[in-house]
Amino acid sequence: MNETYRRILGLRAIRHYQDRPLEQEDLDRVLEAARWTGSSKNRQNWAVVVVSDRDQIERLAACGDFTKPLRAAPVAVALVEEPQTYEFDTGRVAQNIMLAADALGMATCPITFHRDQDAAEVLSVPPGWRCRYAIALGYPAAEARPARFGGRRPIGELVHRDSFGE
């Protein structure tokens with residue numbers, strides 16, 4: 001099996017991280033992968049805020065309801081959308097970050113900020129911009145295991161041919 005394909009099939013959210021900072025070279029490589037993410041009409045209408053200050057991570061984590069992995073990670077990569085950004089593009093940049101981190105031996109967990117207005121305030125994003133999502137990023141702890149939520153639905157439940165009913 002091709003290594004890229006194997007990584008795509010094997011990517012899982014990891015919620016436990018080593019208690020050590022990220023190597024700057026590793027972080028830079030992940031951010032470069034984010035920079036090269038494709039987007040609608042090549043607008044590249046996102047930015048990221050890299051947060052490593054523990055107090056700032058705590059303030060940011062308070063903007064969501066299920067943010068324990070963010071509190072455990074040494075770095076949060078907040079995804080900031082310009083006005084009128086397609087969330088599809090935000091998802092693409094998030095997936096690139098997660099796949100690049102995995103390829104470099106790091107672990108990630110996607111986070112949703114249920115109070116995105118608060119997250120925007122914490123990060124001082126410009127008016128009209130939005131921060132709804134972040135990626136918890138770190139090196140996986142020795143005991144880190146992906147959460148199991150019942151596997152995947154059968155392909156026959158997901159794939160339809162020519163119309164939804166087929």
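## Sheet, helices and core

In this predicted model, 4 strands form an open sheet in the order β1-β2-β4-β3, with antiparallel pairing; two strands are taken to pair if DSSP finds at least two bridges between them, and helices (H or I, at least four residues) and strands (E, at least two) are DSSP runs numbered from the N terminus. The edges are held by β1 (46-51) and β3 (107-112), each with a single partner strand, so one side of each is left without a neighbour in the sheet. From one strand to the next the twist averages 25°, where axes are lines fitted to C-alpha atoms, for helices over the stretch in contact, and angles run from 0 to 180 degrees between N-to-C directions. Strands β2 (residues 75-81) and β4 (residues 130-138) pair in the antiparallel sense over 7 bridges, and E81 stands opposite R130 in β4.

| Helix | Residues | Strands | Angle |
|---|---|---|---|
| α2 | 24-35 | touches β1 and β4 | about 165° with β1 |
| α6 | 116-123 | lies across β1, β2 and β4 | about 70° to β4 |

In α6 the buried residues are D116, A119, A120 and L123, buried meaning under 20% relative accessible area, exposed over 50% and partly exposed in between (1.4 Å probe, protein chains only). Seen down the axis of α6, these buried residues fall within an arc of 100°, so they line one face of the helix; the arc is that of the directions from the helix axis to the C-beta atoms. The face turned away from the buried side of α6 carries the exposed residues Q117 and E121, while the cover over its buried residues includes β1, α3 (54-61), β2 and β4. After α6 comes S124, whose phi is positive, near 55°.

The largest nonpolar core has 26 residues, of which L60, L70, F113, L123 and C131 touch the most other members; such a core is a set of buried Ala, Val, Leu, Ile, Met, Phe, Trp, Tyr and Cys residues joined through side-chain atoms within 4.5 Å. Two or more residues of this core come from each of α3, β2, β3, α6 and β4. Leaving aside neighbours within four places in sequence, L123 is in contact with V49, V51, Q56, L60, A78 and C131. Apart from this core lies another, of 18 residues, among them L79, A94, M106 and Y139.

Residues are numbered from 1 along each chain as its sequence is written, and side-chain values use heavy atoms, with hydrogens and water left out. Because the model is predicted, local features need pLDDT of at least 70 and side-chain atom pairs count only at pLDDT 80 or more, whereas totals for chains, interfaces and linings use all residues.

Technical notes:
Contact means heavy atoms within 4.5 Å.
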